[in-house]
Every structure is written in structure tokens, then in C-alpha cells.
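Colleague: I have a chain open and want to go through its contacts. Can you take my questions one by one?

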Amino acid sequence: RECIEEAFRRGKSVVSANKDVIADYGIPLLKLAHEHGADFQFEASVAGGIPIVRPMYSSLNSNKIEEIIGIMNGRTNFILSSMTDRGLSYEDALREAQEKGYAEADPANDVGGFDAARKIAILAKLGFHAYVTFNDVSVEGIQHITKDDIAHATAMGYVIKLLAVARQEDDGISLAVHPAFIRKGHPLANVGGAYNAVYVRGNCVGDIMLYGQGAGALPTASAVVSDIMNVIQHVNNEMTGKRPYLWREAPLKDAGKIKAPYYIRLIAANAPGVLSSISGVFAGHGISIRSLIQKDETKEVAEIVILVDSSADAVIRTALTEIERLRCIDRLRHAIRVIEV
């Protein structure tokens, strides 16, 4: 950051792919660049070769951006695609990703969702003109996704993806990264392998999606060289640092108030009254059940898969804590959001 700031103070333009710095300090750096008549270009910081940063502040600036949903980490998408398409376990898919060079030896930044969180923070600050940073993103990774979750999603007509989601609503902005069920027919559901995609909804343009390679030497170089060419054009036309950026202090929604339907999987005793006990807890919190399926029964236990209507995250978590305390419940396996777009 200090090197970039010093370059701006000397009137030098900067091209960067450093998403960590831009996610946390992007707005102050853009302001400093403008003050000193310099350009700050960072197309390669999000989704590699996909041209998404510049459209956020240029091509789409006639729109109020309402929603940004992206598959922004190719490594996790490769893992989930391998689990879906070839029935691999999470551990085997991760190992293969590492062998192919898609995943680092320590994959925590990717599979934990932190890489995608930095990228959605960058797009949200540009698309929403809002002073947001990486710390404003609620983050959940894919480490606990199992073959059973993948199988249930497939049977229900969904695909599991790690999604970065930013929404701008009347009561504030919400930013989150988490695994999610998304309908098989949605374009994002069909993004496979190590590819990235960003889906944007504007109040005028409607829905658009940009798709391509989100990492790799040549895709990243494409974005970096494009930025350099842009700066050269601005230098030749004596217009570096001429674009003002408009920002506002937008209210952030508490992560616990973000609503979504949920897929819930738990193991319970195979006994009378279990389903009514579970339903009673959900009803007590105003949560409606869309579907409830009892699967894989044995004499002692059964697996129960539940889909509930859109509810606030904090309400879901409270209800699940109560359900886990029921004597008839062996363990809660998973709770995954369902994205409806």
C-alpha cells in the first residue's frame, strides 16, 4: 500500500492485481490517485481475464446495480465440479486440484472463502459506490461439503457452488461468501472446472453474466496489459486521474438478518414424534417448511433432509441450536443457503 501511495504522490499511475490491498484500501487509494492526477487500474484483481472491474464503474454506470453474484475462485469451483460430475469426496477433489496446480499446498484462503470475499468487496465498492471492505463480508467456506450434500442437491434439481453475493436493497447492503444451492437451469450452475463467472443485475440492463478463465498466466496478463494500454491512452490524451469516483456511506445489513431459504440435513432417531418435534421448533420461530424427506432409515436412526422457506440467518441458527438439543436428534449434518435468482 505504501508503495502505491508514494507513486500517486509523485504523479505516477499504478496498475495492480493485488486484491488484498484493493479490497481493504481501494477507496482511499482511488481518492489519492485522483488528487494527484494519476490513474489506478486493477482489472486483474477480480476474476483474472474476465473484464468485470471496468464495467462496474463505466459500462454499467447508467444503472443502479442491485445484485452481484459470482463464482470468483476457480480452485473451489474445480473441487465442487469434481464432486458433482465425478462423485469425488471433498478430500479427493482437493488433492486432485493440488496435483494439477489449481490449489495451494495450504488451500485455506481459497476453500475458506477468503479469496472470493476480497473480490466481492472490490466489485461491491465499485458497483454500489459504497465504502465497503473485506471485513464487511460474511464468509463461510466449502470444507464441510460432503458427497451426501452433493447427491441431495442433484436429486432436488440444484448444484452446489461457492458463491460471492452482494445485494443493494432499500435497507442496506449485504455482502457474503458461502456455499449455496442454485437451480440447475441457472447460468451460474453450469460454470464448471476452474472457470469463473460474474452475474450482475442492474435496474436498466437487467441480468447479464460474464464468463471466462479466472486465473492463469495469460488471462491475468490480458487484464494487466489492458490496464497498461488504458493508462498509456490517458497519458497521451492528458487525462490521467480525470475520472472522479463517487462514494457514499451506505448502511450495511447485519449478516444475521440476511434472508434465504435453507437446505438442512440432520440425523435423528427413527421413532414416533421426531418429525413433529422438529416441525414444532421451526414453527415456533416462524419458519415454514417447504419439504421434508426421511431417507436412509435403519432401525435406530434416519437421515432427514429439510428445505425451509426464506428466513433470516440468525433465526435459522437459533432454531437449529434448539433442534440439536432435542433428545431425538443425533447430530446436525449441514445447513446450506439456497440462492433464488
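Colleague: How much area is buried between domain 2 and domain 3?

Modeller: This is a predicted model; local features need pLDDT of at least 70, side-chain atom pairs count only at pLDDT 80 or more, and totals for chains, interfaces and linings use all residues. Residues are numbered from 1 along each chain as its sequence is written, and side-chain values use heavy atoms, with hydrogens and water left out. Buried area is the accessible area (1.4 Å probe) that two parts lose on being put together, summed over both. Carbon and sulfur atoms give 63% of it here, and the area buried between domain 2 and domain 3 is about 1,500 Å².

Colleague: Which residues of domain 2 lose the most area to domain 3?

Modeller: Three residues together make up 34% of what the domain 2 side buries. They are His152, Met156 and Phe181.

Colleague: Where do the domains run, and how far apart are the C-alpha centres of domain 2 and domain 3?

Modeller: The bounds come from an automatic or database domain assignment. Domain 1 is 1-46 + 216-237, domain 2 is 65-213 and domain 3 is 255-339. The C-alpha centres of domain 2 and domain 3 are separated by 24 Å.

Colleague: How many residues does each domain give to the contact?

Modeller: Contact means heavy atoms within 4.5 Å. Domain 3 gives 15 residues, and domain 2 gives 21.

Colleague: How many salt bridges cross the interface of domain 2 and domain 3?

Modeller: A salt bridge needs a side-chain nitrogen of Lys or Arg within 4 Å of a carboxyl oxygen of Asp or Glu. Glu140 pairs with Arg337 this way, with the closest N and O atoms 3.1 Å apart. Across the interface of domain 2 and domain 3, the number found is three.

Colleague: Which element gives the largest share of the side of domain 2 that touches domain 3?

Modeller: Helices (H or I, at least four residues) and strands (E, at least two) are DSSP runs, numbered from the N terminus. Elements giving two or more residues are helix H8 (147-155), strand S5 (158-169) and strand S6 (172-183). The largest share is six residues, from S6.

Colleague: Why does the salt bridge of Lys19 and Asp115 tie together parts that are 96 residues apart in sequence?

Modeller: The closest N and O atoms of Lys19 and Asp115 are 3.2 Å apart. The two parts are tied together because Lys19 lies in helix H2 (residues 19-35) and Asp115 in helix H7 (residues 114-127).
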